[in-house]
Amino acid sequence: MAATAKTRHRSAGRPTTKPKLGQNFLVDVGAAQRIVDALGDISRCTVVEIGPGRGAITSLLAATAEKLIAIELDRTLAAQLRMAYLRNPKVEIIEADVLRVDCDSLVQGRSKQITTAPQEMPHKVARVVGNLPYYITSDILLKLFECHKNFDRIVIMVQKEVADRIAAEPGTRDYGVLSATAQLYAEVENLFTLPPAAFSPPPKVHSSVLRLRVAPKAAALGVDERGFIAFVRQVFAQKRKTLGNNLKQHFETGQINSALEAASLKADVRAEAVPLPQMAALYRSLYKR
Ligand code: SAM
């Protein structure tokens, strides 16, 4: 968040904030409770918190989750949290960069087993929550999508404009790579927005809370995740251009036209107007899948 926050906050006994780490701490207690409530019943769940900071959300999670794993990069904050939860065996504080954490061993090694379909290997599922450090929002999201099999619900606070893009419907101005990618993995709900005053120090932007119910669609759409996401990037490469023009550097005009026709799309369609099923049909047709 704090790439835009310039103010430094000092108070007795507290570490100063590190704007480079996106440290805008939530001070609205009601909002912290609403974020935790958005996770649903976590009394039998492992919850992974990204960037617990000074613990505004952490303290509520620690009281209700079956197990809490909180990942904080700031050494001082991580040490303070570890001290605060020393006597609570349900809470584990990991001092690490969330982007470098191995989700599989984090979740499969620790959390409660939830899914046990008879034909599958037992698989454990956790929930994720975080008032994200905004300077790495997209990287964190991509990481969560990559290891989505470990999670069934994700509740995150991000910059409002980014939330609007993630939750945007096809056919709207905000619909783009971020929306299509997020919606390939999850049902997205834009829950509520908070003003800068809800944080200390206050950032220059509003923030919104999203809930993502993990529901991967790639298999049903008949596409491979990596290839399809790379394709989505191609069709959105230049938003001013038509989808066909964006594809011209990768395919022959004839190929593009027949793929558009096969997907029931007009020749001059723009990528933001195309819902995922038709985008997948276009991809399958161009790559003969
Ligand atoms: N959860 C707290 C709250 O709501 O008040 C703090 C949120 S603050 C916006 C983001 C937190 O993420 C900070 O505590 C920051 O130190 C931490 N952070 C920044 N980069 C991180 C990273 N790469 N991995 C883990 N934590 C990170």
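Reply: Start with a term. A pocket is an open set of grid points with protein on both sides within 12 Å along at least five of seven lines. The second largest pocket has a volume of about 300 Å³. Keep in mind that this is a predicted model.

Me: What makes a residue part of the lining of the second largest pocket?

Reply: A lining residue has an atom within 4 Å of a point. For the second largest pocket, 16 residues line it. Phe-145, Glu-146, Tyr-185, Glu-225 and Arg-226 lie nearest its centre. Helix 4 (103-108), helix 5 (137-146), helix 7 (177-185) and helix 9 (225-235) each give two or more residues to this lining. Helix 9 gives the most, with four residues.

Me: How do you know where the second largest pocket lies relative to domain 1 and domain 2?

Reply: Look at who supplies the lining. Domain 1 (2-216) and domain 2 (221-287) both give residues to it, so the pocket lies between them.

Me: What is the make-up of that lining by class?

Reply: The lining of the second largest pocket has five nonpolar, five polar and six charged residues. In the largest pocket, the lining divides into 18 nonpolar, seven polar and five charged residues.

Me: What else describes the largest pocket?

Reply: About 410 Å³ of space lies in it. The largest pocket is lined by 30 residues, with Gly-51, Pro-52, Gly-53, Glu-72 and Asn-131 nearest its centre. Strand 1 (25-26), strand 2 and strand 3 each give two or more residues to its lining.

Me: Why is the largest cavity called a cavity and not a pocket?

Reply: The test is escape. In a cavity, a 1.4 Å probe fits but cannot get out, whereas a pocket is open. The structure holds one cavity of 30 Å³ or more. About 70 Å³ of space lies in the largest cavity. Its lining includes Val-48, Ile-50, Lys-143 and Phe-151. By class, that lining has 10 nonpolar, no polar and one charged residues. Strand 2, helix 4 and helix 5 each supply at least two of the lining residues.

Me: How do you know that strand 2 pairs with strand 7?

Reply: Count the bridges. Pairing needs at least two bridges. Three bridges join strand 2 (residues 46-50) to strand 7 (residues 126-131), so these strands pair. They run parallel. Within this pair, Val-47 stands opposite Arg-127 in strand 7.

Me: What makes strand 4 and strand 9 edge strands?

Reply: Seven strands form an open sheet in the order 4-3-2-7-8-11-9, with mixed pairing. Strand 4 (91-95) and strand 9 (186-194) each pair on one side only, and they are the edge strands. From one strand to the next, the twist averages 15°.

Me: Which strands does helix 3 lie across?

Reply: Helix 3 (residues 75-84) lies across strand 3 (67-72) and strand 4. Its angle to strand 4 is about 160°.

Me: Why is the phi of Ser-264 worth a mention?

Reply: Most residues other than glycine have a negative phi. Ser-264 has a positive phi of about 55°, although it is not a glycine. Ser-264 sits in the loop between helix 11 (253-262) and helix 12 (276-287).

Me: What about the peptide bond from Ser-200 to Pro-201?

Reply: Most peptide bonds are trans. The bond from Ser-200 to Pro-201 is cis, with omega near -10°. Pro-201 is in the loop between strand 10 (199-200) and strand 11.

Note on methods: Residues are numbered from 1 along each chain as its sequence is written. This is a predicted model: local features need pLDDT of at least 70, side-chain atom pairs count only at pLDDT 80 or more; totals for chains, interfaces and linings use all residues. Side-chain values use heavy atoms; hydrogens and water are left out. Axes are lines fitted to C-alpha atoms, for helices over the stretch in contact, and angles run from 0 to 180 degrees between N-to-C directions. Contact means heavy atoms within 4.5 Å. Grid points are joined across faces, edges and corners, and a volume is the space filled by probe spheres set on the points. Ala, Val, Leu, Ile, Met, Phe, Trp, Tyr, Cys and Pro count as nonpolar, Asp, Glu, Lys and Arg as charged, and the others, Gly among them, as polar. Domain bounds come from an automatic or database domain assignment.
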